[in-house]
Amino acid sequence: MINFPLFKELEAKRDKVNAFFHKETEPQLVERLKQFGFSPVSEDMPGVLILTESATGNHYLLTITRYTITVRFQHVKNGETEKICEISNLELNAHEMLNIIIRAIDSYLQYGIVIDYVAAQFKKK
């Protein structure tokens, strides 16, 4: 008797979660990100949003891919970028994802500190 999931079952679960995210959650999240201040980089690059600090011109680049949502800080003067948030738990709802993204941006904006975004998305409820 097998008492563990087969790999193909794990893949099927992941694919189901990802499909639901991209169909249901992603549009809500993108709308809320725009309300927060992000804007699309271009129509040719769906899933890529930018937020610019008014005082410094530094950017927060957000990318939504098939498996993750990533936020990178880009320092305009030296061109360096740093990953400040990556959400891979696409089972979270749009509100939870937005809260993690805002916490990550605020922490980096205020203190230059990258939060533990992995723990933030996998806390037990």
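The model is a predicted one.

Start with the sheet. Five strands form an open sheet in the order S1-S2-S3-S4-S5, and their pairing is antiparallel. The edge strands are S1 (39-40) and S5 (81-87), each of which pairs on one side only.

Now follow the pairings across the sheet. S1 and S2 are joined in the antiparallel sense by two bridges. Here proline 40 has leucine 49 in S2 as its bridge partner. S2 and S3 are also antiparallel, with five bridges. In this pair, isoleucine 50 stands opposite leucine 61 in S3. S2 and S3 form a hairpin with six residues between the strands. Within that hairpin, look for glycine 57, which takes a positive phi near 80 degrees. Next come S3 (residues 59-64) and S4 (residues 69-74), an antiparallel pair with six bridges. Tyrosine 60 has phenylalanine 73 in S4 as its bridge partner. Keep these two residues in mind.

Turn to the helices. Helix H1 covers residues 7-36. H1 lies across S1, S2 (48-52), S3 and S4, and runs at about 165 degrees to S3. Helix H2, residues 94-111, lies across S2, S3, S4 and S5. The angle between H2 and S5 is about 155 degrees.

A kink of about 50 degrees lies at threonine 25, shortly before proline 27. Is threonine 25 buried or exposed? Its relative accessibility is 5%, so threonine 25 counts as buried, since buried means under 20%. Which residues does threonine 25 contact, leaving aside its neighbours within four places in sequence? They are Phe20, Leu92, Asn93, Ala94 and Met97.

The buried residues of H1 are Val17, Asn18, Phe21, Thr25, Glu26, Leu29, Val30 and Leu33. What covers them includes S2, S3, S4 and H2. Just after H1 comes glycine 37, with a positive phi of about 140 degrees.

S2 is mostly covered too. Four of the five residues in S2 are buried.

In soluble globular proteins, nonpolar side chains tend to be buried together. The largest nonpolar core in this model has 30 residues. Which elements supply at least two residues each? They are H1, S2, S3, S4, S5, H2 and helix H3 (117-121). H2 gives the largest share, eight residues.

Four residues have the most contacts inside this core: Tyr60, Leu62, Ile69 and Ile101. Take isoleucine 69 as an example. Phe21 and Leu29 are among the buried residues of H1. Leu62 and Ile101 are themselves among the residues with the most contacts inside the core.

Finish with the aromatic rings. How many aromatic pairs does the structure hold? There are three. Ring pairs link Tyr60, Phe73 and Tyr108 into a cluster.

Technical notes
Residues are numbered from 1 along each chain as its sequence is written. This is a predicted model: local features need pLDDT of at least 70, side-chain atom pairs count only at pLDDT 80 or more; totals for chains, interfaces and linings use all residues. Side-chain values use heavy atoms; hydrogens and water are left out. Two strands pair if DSSP finds at least two bridges between them. Contact means heavy atoms within 4.5 Å. Axes are lines fitted to C-alpha atoms, for helices over the stretch in contact, and angles run from 0 to 180 degrees between N-to-C directions. Buried means under 20% relative accessible area, exposed over 50%, partly exposed in between (1.4 Å probe, protein chains only). The bend at a residue is the angle between axes fitted to the seven residues ending there and the seven starting there. A nonpolar core is a set of buried Ala, Val, Leu, Ile, Met, Phe, Trp, Tyr and Cys residues joined through side-chain atoms within 4.5 Å. Rings of Phe, Tyr and Trp (its six-membered ring) pair if their centres lie within 6.5 Å; planes under 30 degrees apart count as stacked, over 60 as edge-to-face and the rest as tilted.
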